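The sequence and the model are shown first.

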Amino acid sequence: MAGRTISVGMYVLVYVVLMALLAATVGAAYLHLGNLTIVAALTIAVAKTSLILLYFMHIRFSGRRLWVFAVVGFLWLAILLTLAMTDYLSRGWLPLPAGWE
Amino acid sequence: MSHHHHDPLDHEHYLNVSYGVKSWLLTRDHKRIALLYLISITLFFFLGGLFAVLIRLELLTPKGDFVQAETYNKLFTMHGLIMIFFFLIPSIPAVLGNFLIPLMIGARDLAFPRLNLLSWYIFIIGGIFTLTAVVTGGVDTGWTFYTPYSSTYSNSAVVLTALGVFITGFSSILTGINFIVTTHKMRAPGMTWFRLPLFVWAHYATSIIFVLGTPVLAISIVLVGLERIFGIGIFDPRLGGDPLLFQHLFWFYSHPAVYIMILPAMGVMSEVITCFARKKIFGYNAVAFSSLAIAILGFLVWGHHMFVSGQSEFEGLIFSALSFMVAIPSAVKVFNWTATLYKGSISFHAPMLYALGFIGLFTVGGLTGLFLATLAVDVHVHDTYFIIAHFHYIMVGGAVMAYFAGIHYWWPKITGRMYPETWARLAAVIVFVGFNLTFFPQFILGYLGMPRRYYAYPDEFQVLNVLSTAGASILGVGYLIPLIYLLWSLRYGRVAGTNPWNATGLEWQTPSPPSTENFEAPPRVEGEAYEYEEVKVA
Amino acid sequence: MPDVTTTPVAVQFDDAEQQRESATIGMWVFLATEVMFFGGMFLGYAVYRSSYPMAFGEASRRLDIVLGTLNTAILLTSSLTMAMAVHAAHQGKRRQLVGFLIGTIVLGSAFLGIKFYEYFQKFEEHLVPGRGFALEGADPRHSQLFFSFYFAMTGMHAVHMIIGIVMMGVLIVFALRGKYSERYYNPVEMAGLYWHFVDIVWVFLFPLLYLVERA
């Protein structure tokens with residue numbers, strides 16, 4: 001079973017890294033990054049999520065099938081976000097035929 | 001062939017192992033839960049059908065003279081809601097899937113029997129909320145709940161209905177989780193993935209949609225409810241909200257939902273056609289992978305419901321292209337069933353009649369879907385009767401026919417008795433004739449420009465509308481006849497025996513009806529699926 | 001050879017291993033549904049933030065960054081205590097298991113306490129969407145949208161946390177009755193997965209709601 005391979009020390013280490021990433025998240029928010037603010041914030045969030053998935057949720061030692069199940073939800077959310085946001089970002093890209101404005 | 005001297009229904013099976021209301025309402029047996037669903041959805045089917053009758057009565061005449069306009073809006077809304085959420089979506093998975101999947105894979109039950117029972121209770125509770133909405137004045141937003149009408153302006157029982165649908169969604173989600181885990185973990189020794197009946201593949205693919213799509217419907221309903229109750233304004237243009245956000249969220253589920261309705265039907269098809277053509281399925285792998293492809297691609301096409309909504313034209317182009325692609329795996333399946341029939345030894349029992357009807361009607365419905373995926377065409381026929389005809393060809397000509405095929409095919413296994421074949425064939429033909437008379441005129445009406453969701457129409461459309469209503473009455477008769485003879489057969493039907501069709505599949509290796517544990521010992525599977533060439537016909 | 005008399009295996013399963021693996025797959029599939037459920041709100045947030053970045057930035061600054069950061073730290077810590085609880089269950093250490101579960105509940109409750117205090121603050125500041133909403137800023141209409149998402153998303157998150165806390169209470173009761181051992185602790189492990197997932201949701205909510213424009 002997966003729990004066998006993750007020690008208390010490992011959990012604590014992951015926790016310390018998570019707290020450090022939290023500090024980084026807040027710190028980065030006060031830097032003048034402009035449009036990259038959101039990129040930085042989400043990158044750190046993804047890093048934290050990966051740590052939680054891999055270690056606290058044992059994906060690191062759980063075999064490929066569970067890894068697929070863990071990822072598929074996020075993948076599907078990416079489909080929803082990408083295809084729907086394309087609508088909002090592409091409004092006005094294509095000209096309408098005359099008379100339809 | 002001699003008849004049995006004793007009644008094989010003497011053996012202990014899942015129906016007679018215990019009696020009493022508690023033994024049914026607290027059952028963990030997937031077979032009993034399937035029957036609980038069967039009774040519930042049959043009631044909903046006839047309620048949804050009643051609304052259809054009222055709609056078709058109004059449409060006999062060009063003027064709105066049977067009901068008021070607001071009432072008509074409620075009729076088509078409730079017809080759609082009940083038929084989709086309380087009949088079609090659960091129908092094959094919750095009745096046939098629940099009953100058959102453990103049998104087909106050689107298991108004692110699904111992975112989570114109590115979750116299965118919970119899913120039925122959730123279905124019933126959601127149904128009660130929705131029925132309450134129906135009897136306390138109804139909903140008039142269309143089953144699609146478009147904002148801002150549903151979130152701000154409608155004066156009907158939106159929140160109550162939304163609650164009902166929201167709750168029922170969890171029934172789907174639990175079923176999906178159960179089927180996925182069961183297929184992974186509960187197969188008998190030797191039952192590898194590629195020996196599974198295609199019915200199981202179909203339900204696995206359906207469960208992917210249950211699990212990944214339904215939650216998005218749930219959140220979109222929650223947001224409509226929040227906006228209606230608290231006025232928070234997510235979809236309110238006065239606050240800068242975008243009604244299209246609702247449509248994106250709603251159709252992200254509701255398009256894959258149509259694949260929830262058709263994939264299990266396709267699973268039934270693979271079982272029935274192979275049995276009544278006495279032939280192995282043509283292209284097992286292609287059919288199996290096509291099921292998965294339909295489930296996955298089905299999530300990428302939702303915007304084809306929004307071509308004229310104000311969605312960007314660029315987005316429309318993308319969704320149009322993707323929608324063409326999703327037709328391919330469906331076509332693959334139709335080709336493969338047809339190839340299975342070729343040089344098969346075909347017999348025209350009722351399940352096969354329904355299956356043959358499915359192939360033709362699903363093809364018409366599917367091809368008209370391609371017309372609609374074509375942006376330029378859709379601009380003209382969107383929100384007309386062309387759309388209505390298209391989806392009824394697939395959902396009724398396709399899914400409901402397959403449901404009837406499956407009910408008849410597995411009736412002996414479920415009840416231990418045969419249905420009367422002549423009456424069943426007659427009903428199948430009546431349904432086919434009635435269906436086409438109802439819905440083919442609607443293609444023409446839509447093309448000529450008759451809009452949907454209107455209770456009045458220009459005089460020149462009356463003849464086609466009358467034909468459609470006439471067809472609907474024939475169709476109604478066709479649906480009532482099985483209700484009568486299937487009930488009759490419970491007492492008077494010929495005893496079926498273990499395998500009346502000489503079919504392959506583990507479900508036919510166990511008595512009819514099966515015992516509670518399905519098998520005395522876990523079967524060992526050695527052969528491939530559909531080995532009909534090896535089956536000797538008695 | 002495992003002692004089958006003490007490992008409860010439900011009748012539909014062949015053995016404890018199949019039961020455990022089934023429960024694990026089932027829980028992960030359920031978590032995928034939760035990703036999609038919250039995901040719908042993330043789409044709405046993305047749509048409006050991309051449309052009204054200024055209004056979102058202004059509104060976000062009205063949230064208390066100290067309380068938000070503190071809450072994030074609390075929740076991350078609760079994930080640690082939950083992981084430790086599962087670890088203790090795996091080793092059959094009942095008292096540690098109960099202790100860590102209690103710790104998780106305490107931390108989770110602290111999170112909720114701070115959250116509801118924040119809600120109360122917002123109510124006092126007239127920042128709850130609806131009739132009483134009033135924000136002196138450049139774009140109050142679209143800032144109200146931000147607060148709609150703030151309350152909807154953190155509210156839904158809070159509901160999930162309450163459910164998690166109740167689940168943990170049930171686990172404590174069963175643990176004290178001796179239901180779990182190193183051979184059987186599936187419910188603890190499953191509850192752990194659920195709790196970590198709720199934490200992941202917050203890991204995304206925090207920067208998206210509190211840190212839109214602080215520079």
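Chain B contains 15 helices and zero strands. Its radius of gyration is 23 Å, close to the 24 Å that the globule rule gives for 538 residues, so chain B is as compact as a globular protein of that length. The model under discussion is a predicted one. Taken along the principal axes, the C-alpha atoms of chain B fill a box of roughly 70 × 45 × 45 Å. Of the 538 residues in this chain, 58% count as buried. Among the contacts in chain B with a separation of 6 or more, 85% are accounted for by residues 24 or more positions apart.

One helix of chain B may be followed in detail. Helix H10 of chain B covers residues 313–341, which amounts to 29 residues. From its first C-alpha to its last, H10(B) reaches 43 Å, close to the 42 Å expected at 1.5 Å a residue. The buried residues of this helix include B:Glu315, B:Phe319, B:Val326, B:Lys333 and B:Trp337. Against which helices do the buried residues of H10(B) pack? Within chain B, the partners are helix H8 (243–277), helix H9 (284–297), helix H11 (350–373) and helix H12 (375–381). A further partner is helix H3 (63–89) of chain A. After H10(B) comes B:Lys343, which has a positive phi, near 60°.

The peptide bond from B:Thr147 to B:Pro148 is cis, with omega near -5°. B:Pro148 has its place in the loop between helix H4 (113–135) and helix H5 (149–153) of chain B. Another cis peptide bond runs from B:Ser512 to B:Pro513, with omega near -10°. B:Pro513 is found in the segment after helix H15 (462–492) of chain B.

B:Arg453 is not a glycine, yet it has a positive phi of about 65°. This residue is found in the loop between helix H14 (421–448) and H15 of chain B. Is B:Arg453 buried or exposed? B:Arg453 is exposed, because 12 other C-beta atoms lie within 10 Å and a residue with 12 or fewer such neighbours counts as exposed. B:Asn502, likewise not a glycine, has a positive phi of about 50°. B:Asn502 lies in the segment after H15 of chain B. With 13 C-beta neighbours inside 10 Å, B:Asn502 counts as partly exposed.

Attention now turns to chain A. This chain has three helices and zero strands, and along the sequence its pattern reads α-α-α. The radius of gyration of chain A is 20 Å, well over the 13 Å that the globule rule gives for 101 residues, so chain A is more spread out than a compact globule. Along the principal axes, the C-alpha atoms of chain A fill a box of roughly 70 × 40 × 10 Å. Buried residues make up 31% of the 101 residues in this chain. Of the contacts in chain A between residues at least 6 apart in sequence, 52% join residues at least 24 apart.

How do the helices of chain A pack? Helix H1 (residues 8–29) and helix H2 (residues 36–56) of chain A meet at an angle of about 170°, and their axes are 10 Å apart. H1(A) is therefore roughly antiparallel to H2(A). On the side of H1(A), the residues that take part include A:Met10, A:Tyr11, A:Val14 and A:Leu18. On the side of H2(A), A:Ala40, A:Ile44, A:Lys48 and A:Leu51 are among them. By class, this contact of H1(A) with H2(A) has 16 nonpolar, two polar and one charged residues.

Chain A also touches other chains. In its contact with chain B, 11 residues of chain A meet 12 residues of chain B. The side of chain A that touches chain B has seven nonpolar, two polar and two charged residues.

The contact between chain C and chain A takes 35 residues from chain C and 34 residues from chain A. On the side of chain C, helix H1 (16–51), helix H3 (65–90) and helix H6 (186–210) each supply at least two residues. Of these, H1(C) gives the most, with 14 residues. By class, the side of chain C that touches chain A divides into 23 nonpolar, 10 polar and two charged residues.

Key:
Residues numbered from 1 in each chain as written. Chains lettered and ligands numbered in written order. Predicted model: local features only at pLDDT ≥ 70, side-chain atom pairs only at ≥ 80, totals over all residues. Contact = placed C-beta atoms within 7 Å. Nonpolar A, V, L, I, M, F, W, Y, C, P; charged D, E, K, R; others polar. Helix = DSSP H or I, 4+ residues; strand = E, 2+ residues; numbered from the N terminus. Expected span 1.5 Å × (residues − 1). Buried ≥ 20, exposed ≤ 12 C-beta atoms within 10 Å, placed from the backbone. Axes fitted to C-alpha atoms, helices over the stretch in contact; angles between N-to-C directions. Parallel < 35°, antiparallel > 145°, perpendicular 65-115°, else oblique. Rg over C-alpha atoms; globule rule 2.2 N^0.38 Å.
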